[in-house]
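Trainee: Hi, I'm new to this one. Could you walk me through it?

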Amino acid sequence: MPHSNILRNILVIALINLSLVVAIFDFDKFFAGTAPSPQLIHTKAVYTNTKADQGSNQILGLTDSFPTYEFCNLVFENRLVSPDSILEVVDKENMLPADYMPSDLHTLDASKYNVTRTIQLRESAYNSLIPMLNDMNAANLEYAITSGYRSYTTQQYAFNYWARYVGLAEAGGFAASPGYSEHQLGTTVDIMSAENNFKATSYMGQTQVGIWLKDNAYKYGFVQSYPEGKTEITGYNYEPWHYRYVGKYVAGQIHENGLSLTEYLYDFYNICL
Ligand SMILES: [Zn+2]
């Protein structure tokens, strides 16, 4: 029947065309082309931050809702993971609440370890610092811990002192404004070296204590927050004495990849650098 012939011809032509399309069309390229290539598109955070919503999933929730290869998140004042998290972001753009104080502070035994004042740390950091200091004692390293947990108020005094002493701009290079110091987290210590007269200067990094810490602190979960050559990223001058506890896994990753803590955390939370 002519009708069915016409239908058959249409079907054959359609099949030929379809096979041509299949043969000519580069599906690999097509699908590769539809996947967005990695790029940074700065986007605003989709929520406003209030004290009430400083939950631990705040930033993770945000990155979950965007493909990580397409967006990074701008940092806003007061946007925190959780002050109690050992991976909290505290830098010049992320401040801690003035009333934040860790609830599990322990005091270092001044009869066993060289301290210049009462040194307090949160339990997790304290428990990891003890074996590190025991090993430093055993290696006869002449160190002194000059700072641990610092309250918002203490930091305010310290910053005001330095601002008066060297001027506001210069003080900002090495002293954090109140609320912006990792010392308020209770997971950070300053360890000085006798070889450098316990001074906070970059030479400390070349002393035996400085070298030992650089090579070993990560094994106990501590990292330098402000390493050499990373000032543009961290916002702080090189501070070879300033160590923050982030846990052994993260410390190992940072050490292995030659990162600063800032780079690690910004990548971890997908924050725009
Ligand atoms: Zn410090």
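Mentor: Let's begin with a pairing: D190 has H242 in β8 as its bridge partner. Keep in mind that this is a predicted model.

Trainee: Okay, and how many bridges join β6 to β8?
Mentor: Three bridges join β6 to β8, which spans residues 242–245, and the two strands run antiparallel.

Trainee: Which residue in β6 is the bridge partner of Y143?
Mentor: That would be S193. β5 and β6 also run antiparallel, and four bridges join them.

Trainee: Is β6 buried or exposed?
Mentor: Six of the six residues of β6 are buried, so the strand is largely enclosed by the rest of the structure. Both faces are covered. T188, D190 and M192 lie on one side, with V189, I191 and S193 on the other.

Trainee: Why do those names skip every other residue?
Mentor: In a regular strand, side chains alternate between the two faces of the sheet.

Trainee: What do the buried residues of α7 pack against?
Mentor: They pack against β5, β6 and β8. The buried residues in α7 are V209, G210 and L213. They cover an arc of only 100° around the axis, which puts them on the same side of α7.

Trainee: Changing topic: how many residues has the largest nonpolar core?
Mentor: It has 46 residues, and those with the most contacts inside it are I191, A217, F222 and V223. Among the elements that give two or more residues to this core are β5, β6, α7 and β8, along with α9 (248–257) and α10 (261–268). The largest share, six residues, comes from α4.

Trainee: What does V223 touch?
Mentor: Leaving out residues up to four places away in sequence, V223 touches A217, Y218, Y243, R244, V246, A251, I254 and L261.

Trainee: Where is Q184 found?
Mentor: Q184 sits in the loop between α6 (168–174) and β6.

Trainee: How many helices and strands does the protein chain have?
Mentor: Ten helices and eight strands. Of the 273 residues in the protein chain, 32% are buried.

Trainee: Where are N140 and N197?
Mentor: N140 is in the loop between α4 (123–138) and β5 (143–147). N197 is in the loop between β6 (188–193) and α7 (208–216).

Trainee: Last one: is N140 buried or exposed?
Mentor: N140 is exposed, with 7 other C-beta atoms within 10 Å. N197 is exposed as well, with 10.

Methods: Residues numbered from 1 in each chain as written. Predicted model: local features only at pLDDT ≥ 70, side-chain atom pairs only at ≥ 80, totals over all residues. Buried ≥ 20, exposed ≤ 12 C-beta atoms within 10 Å, placed from the backbone. Pairing = 2+ DSSP bridges. Arc of directions from axis to C-beta. Contact = placed C-beta atoms within 7 Å. Core = buried A, V, L, I, M, F, W, Y, C linked by C-beta atoms within 7 Å.
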